[in-house]
Amino acid sequence: MAGSNWERIISMTKDGMRSIGMMRRKISRGKRIALLIDGPNILRKEFGIKLEDIVEALEGLGDLRVAKVILNQYAPQGLIEAVSNQGFDVIVVSGETGVKLAVEAMREIYNPNIDAIALATRNAEFLPVILKAKEKGKETIVLGVEPGFSAALKHAADYTIILNPEGDEK
């Protein structure tokens with residue numbers, strides 16, 4: 001396990017049983033990333049995109065410091081719980097998720113502890129957010145899935161990551 005991102009955790013229970021597990025070590029990789037996910041646009045059954053896929057795609061770029069998923073009031077309770085169990089901050093809004101995602105993005109753009117803004121969406125309406133982030137010196141990352149991934153978003157961001165649906169070859 002030399003050079004691994006995992007460390008072995010050994011603990012003793014009250015009754016003397018030994019418990020061995022693995023815990024992922026936090027490694028500082030430079031950039032501090034705020035990830036905002038447009039839930040209704042990305043977390044669709046037909047895409048088969050998992051939160052782990054999104055986090056894994058960002059691993060080489062830096063550390064996730066903020067991770068939020070914006071969902072609408074129609075999101076099933078199971079999805080809300082699953083997102084929360086993955087360690088993401090779940091924000092449920094009535095109506096359109098776009099306004100709340102833009103507000104959260106602007107909050108992170110002005111956060112001095114964040115170096116990069118990552119948006120997981122396919123929607124071109126977030127182009128002004130990307131442009132404002134760049135104007136304020138933040139690096140920008142857009143994660144999306146085809147079909148319907150905005151060409152404007154792809155070209156405006158510093159990094160573009162196209163997520164492949166479950167079962168597709170990368």
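Of the 26 residues in the largest nonpolar core, which touch the most other members? They are Ile37, Ile54, Ile141 and Leu143.

## The model

This is a predicted model, in which local features need pLDDT of at least 70 and side-chain atom pairs count only at pLDDT 80 or more, while totals for chains, interfaces and linings use all residues. Residues are numbered from 1 along each chain as its sequence is written, and side-chain values use heavy atoms, with hydrogens and water left out.

## Overall layout

The protein has 6 helices and 8 strands; both are DSSP runs numbered from the N terminus, helices being H or I with at least four residues and strands E with at least two. Reading from the N terminus, the order is β-β-β-α-α-β-α-β-α-β-α-β-α-β.

Of the 170 residues, 40% are buried (buried is under 20% relative accessible area, exposed over 50%, partly exposed in between, with a 1.4 Å probe and protein chains only). The accessible surface comes to about 9,600 Å², and carbon and sulfur atoms account for 51% of that (Shrake-Rupley method, 1.4 Å probe; for residues, only the protein chains shown count as cover). Take the contacts between residues at least 6 apart in sequence: 54% of them join residues at least 24 apart. Contact here means heavy atoms within 4.5 Å.

## Two cores

A nonpolar core is a set of buried Ala, Val, Leu, Ile, Met, Phe, Trp, Tyr and Cys residues joined through side-chain atoms within 4.5 Å. Strand E3 (31-38), helix H2 (51-58), strand E4 (62-72), helix H3 (77-85), E6 and E7 each put in at least two residues. There's also a second, separate core of 21 residues, with Ile91, Leu119, Phe126 and Ala156 among them.

On helix H5 (residues 127-135), the buried residues are Val129, Ile130 and Ala133. They sit on the same side of H5 because they cover an arc of only 100° around the axis, the arc being that of the directions from the helix axis to the C-beta atoms. Pro128 and Glu135 are exposed on the face turned away from that buried side. After H5 comes Gly137, with a positive phi near 85°.

What do the buried residues of H5 pack against? Their partners are helix H4 (98-109), strand E6 (116-120), strand E7 (139-144) and helix H6 (151-156). With H4, the packing angle is about 5° and the axes are 10 Å apart (axes are lines fitted to C-alpha atoms, for helices over the stretch in contact, and angles run from 0 to 180 degrees between N-to-C directions). H4 and H5 are therefore roughly parallel, a label for angles under 35 degrees. At this meeting point, Ala102, Ala105, Met106 and Ile109 of H4 face Val129, Lys132 and Ala133 of H5 as contacts.

## Two buried alanines

Ala157 sits in the loop between H6 and strand E8 (159-162), and counts as buried at 10% relative accessible area. Beyond residues up to four places away in sequence, Ala157 touches Ile130, Thr140, Ile141 and Val142.

Ala34 and Thr140 are 106 residues apart in sequence, yet 9.9 Å apart C-alpha to C-alpha.

How values were computed:
Angles under 35 degrees count as roughly parallel, over 145 as roughly antiparallel, 65 to 115 as roughly perpendicular and the rest as oblique.
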